[in-house]
Amino acid sequence: MTAVTVSRQDRTEHQQRRRRRIFSYVAMGIFAVVFLFPLVFMFVSSLKPDGQILSDVRSLRAFLPVGDISLDNYVGVFDRVPVARFMFNSVLVTTLIVGLGLVVNSMCGFALSRLEWKGRGVVLAVIIATLIVPFETIAIPMVYWVSKLPTLVFEGAVPKYDFGWLNTYQVQIIPFIANAFSIFLFTQYFSTIPKSLDEAARIDGAGWFTIYRKIVVPLAGPAFATVAILTFLPAWNSYLWPLMVVQEESLRPVMVGMQYFFQLNTAWGEVMAYTSLITLPVLIVFLSFQRAFVSSVAASGVKG
Amino acid sequence: MAAPAAVLLGLFLIVPVLLAFALSFTNARLISPNPPRFVGLDNFVRAFTQDPVFLRSVLNTFLFAIVVVPVQAGLGLLLAVLVNQKLRGVTFFRIVYFIPVVTSIVVVSILWKFMYQPTGLINSFIDTVTFGALQGADWLNNPSTALPAIIVLSIWQAVGFHMLIWLSGLQTIPDELYEAARMDGADAWAQFKNVTWPGLRSTMIFVLVTITIAALGLFVQIDVMTQGGPQDSTTTIVYHAVRKGYREQETGYGAAISLIFFVLVLVIALVQRFVTREKD
């Protein structure tokens, strides 16, 4: 092969690669527009009066913060519904589900991956089997079940037994603390930490809980991050469950709070302001921890 | 140390599953002075012979899944291949495609409901790009367009998740395999067919199973956007179970529908596993 033909081949290959690169960027750009335009429309519309939102959809103005821009819709939202209360409820419920979940599920993962006990295999098998049960399957029986569970109520300062968990915080939190998939992820991750560390600690007289706290937990940062992220999203976004078990306005989370906007004439500007308000916290968390989010989702697919 | 989790899973997963079985054979009501009475297979007979809305729900759920599963899986793979290239800025695009996934489906549903209004954003867009040649529809109030409209936004919301799953599968395929294929003169399509695709088998099973299970559980979009209408054209199995078992307080019948849903999920997951395993 002469030098001339080689360089010609190189050139066509180079051109081909360039063409492919341009094509890729165009395709990725179009998809970016497709995935972003509804959200841009939402945020921009939340700043406009209803009349202008409806007239702007006929042009690109729909995506630009132009015209009569104000925070009036946000003020309107706070007037119409107890947003601050809904936010507080969602933050409380989400924090407790994620926080208590990390403790309870990691302890279970520890027991399953590092302790020798009778029935361990059976418990692990049952936990993995339950991964196939979608929440929608048990939602209806669970409403029935929690409506029969005993609970403590206070009349003044006097504690009293009563039945029924409906319209409480606990009904939104306790059923979701233990999570089979979180346990599975912890079990897998913990089994990659060398067991010789445990033995060394045991020789020094450490108990199992010390080994869990002092050796395994500090080495399992990525597993904790993954579980926190994977449990945070469904907790913040939960809708079906609180819809059924919490009728009392003061205990409702943000997603169910949206229902107040379905009644009467829909004030779309205010709806867009409300949805922007409840989307922003998640978006900020996601953009700050996007690297961890991406690897968490990837981890959730590993089990294939 | 496994005790707290075991107790909680027992109370809020195992017991409800057992209850789903037990209650489906009773006439239990959510609030009732009478204890549940055993009624045998009545609930199941009722679902399949006397409840046309249930049958319609099964049909709609299947229609939804049959479109969503292949389109969402395929589109997710296409996006994954795009952002798996060694190009500047691909991380930015990965993040952008994932943003709808972190946005609540409740928010997404209400937002698209607004865009689907007769004078909304979607129709203005159709009007503009076709210079008025094509007229949009009243998407959510027309029985023939309501379900397709919901399919579009459901894929839009969830496809970024499966892009990432495909992507992590793609990244397990070693570069040497592509190099070897290039040495043999394989073009881009041949590389995809002979190197990429065979390397994605286990990822594919996971993607298909998770999309199918999620698609069969369709509820929020329906509840927020159409309440099953118009003319039952968007009612789904889970929506019907909630309508009967919760809103109309017929816990026993709702549990029976939930159980049918569960059996469906189980059968489809097993069949998918079986079919995709056989080819090895």
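B:Gln231 sits in the loop that links α11 (220–225) and α12 (237–247) of chain B. Helices (H or I, at least four residues) and strands (E, at least two) are DSSP runs, numbered from the N terminus. This is a predicted model: local features need pLDDT of at least 70, side-chain atom pairs count only at pLDDT 80 or more, and totals for chains, interfaces and linings use all residues. Residues are numbered from 1 along each chain as its sequence is written, while chains are lettered from A and ligands numbered from 1 in the order in which they are written.

**Loop residues with positive phi**

- The phi of B:Gln231 is near 50°, a positive value in a residue other than glycine.
- B:Gln231 counts as exposed because it has 12 C-beta neighbours inside 10 Å. A residue is buried if 20 or more other C-beta atoms lie within 10 Å of its own, exposed if 12 or fewer, and partly exposed in between; C-beta atoms are placed from the backbone.
- B:Gln249 belongs to the loop between α12 and α13 (251–278) of chain B.
- B:Gln249 is not a glycine either, yet its phi is positive, about 60°.
- With 16 other C-beta atoms within 10 Å, B:Gln249 is partly exposed.

**Chain B overall**

- Chain B has 13 helices and 0 strands.
- Its C-alpha atoms fill a box of roughly 75 × 60 × 35 Å, taken along the principal axes.
- Of the 280 residues of chain B, 45% count as buried.
- Among chain B contacts between residues at least 6 apart in sequence, 68% join residues at least 24 apart. Two residues are in contact if their C-beta atoms, placed from the backbone, lie within 7 Å.

**B:Ile105**

- B:Ile105 lies in helix α5 (residues 105–115) of chain B.
- B:Ile105 is buried because 20 other C-beta atoms lie within 10 Å.
- Neighbours within four places in sequence aside, B:Ile105 contacts A:Asn237, B:Gln157, B:Val220 and B:Gln221.
- B:Leu87 is 18 residues from B:Ile105 in sequence and 31 Å away in space, C-alpha to C-alpha.

**Contact between the chains**

- Chain B contributes 69 residues to the contact and chain A contributes 66 residues.
- Helix α1 (residues 3–23) of chain B supplies the largest share of the chain B side, 13 residues.
- That side has 54 nonpolar, 14 polar and 1 charged residues. Ala, Val, Leu, Ile, Met, Phe, Trp, Tyr, Cys and Pro count as nonpolar, Asp, Glu, Lys and Arg as charged, and the others, Gly among them, as polar.
- Residues up to four places away in sequence aside, B:Ala5 touches A:Val104, A:Asn105, A:Met107, A:Cys108, A:Ala178 and A:Ile183.

**Nonpolar core**

- The largest nonpolar core has 158 residues. Such a core is a set of buried Ala, Val, Leu, Ile, Met, Phe, Trp, Tyr and Cys residues joined through C-beta atoms within 7 Å.
- The residues with the most contacts inside this core are A:Val143, B:Ala5, B:Val106, B:Ile257 and B:Phe261.

**Confidence in chain A**

- Chain A averages a pLDDT of 86, and 94% of the residues score at least 70. pLDDT is the predictor's confidence in each residue, from 0 to 100.
- Among the elements of chain A, helix α4 (residues 83–114) has the highest mean pLDDT (93) and strand β1 (residues 150–155) the lowest (72).
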